[in-house]
Amino acid sequence: MADNGDDDNQYRIKEGDYVVLKRGEIFKAVQIQPRKKVIFEKQWIFLDNAVGQLYSTTFEILSGGNLKPHELKDSASPLDAVEAGTDNRNIVDDGKSQKLTRDDIEALKEKGLKGQDIIKKLVDNHATFGDKTEYSQVKYIKKKKKKYENTVMILKPSCRILAMMYHGREPGKICHLRYDTLAQMLTLANIHAGSKVLVFETCAGLVLGSIMERMGGYGSVIQMYPGGGPVRAGVESFGFPAHFHDTLHEFPICHVNALLAGTLDTSAKDPTAENADEKQLNLAAEKEQKQPEAEEQGTPEEESMETNTGDDAGQDVEKTEKDKLKEAKAQVKKLRLEEKQRRLAATAALLKGRNADGLVIASRFHPCPVLLGLLKFLSPSRPFVVYSQYIEPLVECFKKLRECGGTVNLRLTDTWMRHYQVLPDRTHPLLLMSGGGGYLLSGTTVATDHSKPAGSKQAEEPAPKRQKLEDTEG
Amino acid sequence: MSFVEYSDFIQDGDVAILYLSHNNVMPVKVQQGAQTQTRYGVIRHSTDLIGQRYGSKVTCSKGWFHVLHPTPELWTVALPHRTQILYTTDIAFITMMLELKPGSIVCESGTGSGSLSHAILRTIAPTGHLHTVEFHQQRAEKVAEEFKEHRVDHLVTVRNQDVCKDGFGVTGVADAVFLDIPSPWDAVGHAKVAMKKHGGRLCSFSPCIEQVQKTCEALQDQGFEDISTTEVLLREHDVRTVSLPLPDFGPDPETTEEATPAAAPNHASITLKTTTLPREMPGHTGLG
């Protein structure tokens, strides 16, 4: 009713799209590029045939590496005509039950036999398959499916999928932030369209991208970054529309103190931070200039001979061309620096008001100084969330915040996650993920009271317990 | 003020949150000339609230506290319960797993006390829409009233009907469907009808394992894929200062004038800041 041909488009895979490949619990983020080989789970795949198909389609990987939409044929289930046993008392695990050898199976694979058919062959050649219980048979088939079925699902990227991917593939890159913890962060920080959020993260851009997703292109996100430049590789994988990037700003933390003191000069050329970049640009420009000169070294004489003009005339033409090149490069450099200055000034203006709506910190840096430094940019009655892989730094933060005042509703939490296998008569918990997902400190800012000294009026925590002195103690 | 947009100053007609202390928050409907009793004394809206900044301190006869801008998270702990509600931990997980974001069209049943509803509205604003179904008439009316007071009514449609019989009242529009009802397996078919034909996400929340089993079966039968069941538990750490006494083994004959440790001889203990956990493990709310 609400769908028509035009709406359809946003649900279909297009060339250039950033997508996520999925098989079982394995994810991989890639970009759809024509005739580009992509490696996934030890297989080479061409994604060309995916273009035009709906997202979340499952594809079969054909022997050439090309994709074909997978038809779900539950009909030829290998279990249809097989009897089952009642328990395993007579089943001996001697490794001789399967008659097909590894080579046999490889041969079948090479023949191009489909996963489903390989599994049927395995079942047919299994000596004791009929003795297994029905549940055991189903489990066996599931295991073989995982191994031999050659399918891949193509998904539209989302915070959920990318967070799971990073956690499974490269947890070190995201400070071991588990996806349920990330979910808590986004909600506790009240991330929503139209707000102004400050982010300090060293999670490859996953946290930044997740925040941008929840803001939908409305409002603004300011990434505070350490060092030379913001790291945001992960943001690309979200495949945001171009206009989302208009809401993304960045600000180097080395200028925070100057900004807070009101001494940040964003008009003139800033000697400190720009210097490093300028030097790099200079070197790059020089290199570029040197190379063409080196190349041209051999040719000036030829050129002048070929053009049939006098030697002098030829040399002159060349010189002005070289000058033009130099000028053009200097122009580009100048424009780039000016653009950078403009962006810095614009971001500083966003921050100067000290009226940000939210703060999210998730990095390998010690959270305490980061938090204390950036809290100053928030309006009163706004949430902040700090993630740390370890609990001790957050205990310190908690302590400091209590001392300084200006925050309420402080909570130090972590979440546990438990997955369940749900099957008739076979429902039970699977693994329990705890502790390893990191910790969160969250709270809300309040107006700072400058008249009275800081300190909580009601004991937000009970007084330190004193141990009862034993009689023998001195 | 609205639950989907921040403002800086308290105005007549706003809903504000009084943060009295940890785990003690109170919602208040700001009205010119009105008064509210709190454990710290009386607050007069006209002088203490209207025109003040959100986040300011309010002083009463017996103490002081802060006034906060409402957020779905504060609402969840402050709202008057008409039913058992979903808390922030589960809400956060559900929000991510359903892939909610600005513009999402969501169907929800049962609305209950509106805890999750407010969180959904915050996330899908300004371009999304929530279709929420509640079979209890008074609850449906009450929650619709609250949506209006909270200035989010333009983003939501409340329907007073039985989702298991009559569905959500919409067809082929939802990106996500959420079920928190006694018999979710009876609503799966209706959920499918409400969802976009290109696909979408569904989540069902149930406290009992038998409900989960029946629902998973129904989902499988109706062609849903990628079915998973998860439970999320929150652990809150209590930050405290503890003092641990040091043992006295008597004077050490071998040491001469070594600097004594930080603790002076007659104050033999070390104080440190640490966390402790509650005696009981976090409570079970449900599986999603």
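The model is predicted, so local features need pLDDT of at least 70 and side-chain atom pairs count only at pLDDT 80 or more, while totals for chains, interfaces and linings use all residues. Residues are numbered from 1 along each chain as written, chains are lettered from A in the order written, and side-chain values use heavy atoms, without hydrogens or water.

I start with the cores. A nonpolar core here is a set of buried Ala, Val, Leu, Ile, Met, Phe, Trp, Tyr and Cys residues joined through side-chain atoms within 4.5 Å. Buried means under 20% relative accessible area, with a 1.4 Å probe and protein chains only. The largest core has 48 residues, and A:Leu182, A:Met185, A:Val207 and A:Ile211 touch the most other members. Elements giving two or more residues include α5, α6 and α7 of chain A and α3 of chain B; helices are DSSP runs of H or I, at least four residues, numbered from the N terminus. The largest share, 7 residues, comes from α5(A). A separate core of 43 residues includes B:Phe3 and B:Ile124.

Take A:Ile211. Beyond four places in sequence, its contacts (heavy atoms within 4.5 Å) include A:Leu186, A:Val199 and A:Val360.

Now A:Asp180, in helix α6 of chain A. Why does A:Asp180 count as buried? Because its relative accessibility is 0%. Its side chain makes polar contacts (N or O pairs within 3.5 Å, one able to donate a hydrogen and the other to accept it; sequence-adjacent residues count only if both atoms are side-chain atoms) with the side chains of A:Arg178 at 2.7 Å and A:Thr415 at 2.8 Å. Beyond four places in sequence, A:Asp180 also touches A:Trp416, A:Met417 and B:Phe93.

Methods: Buried < 20%, exposed > 50% of the residue type's maximum accessible area, 1.4 Å probe, protein only.
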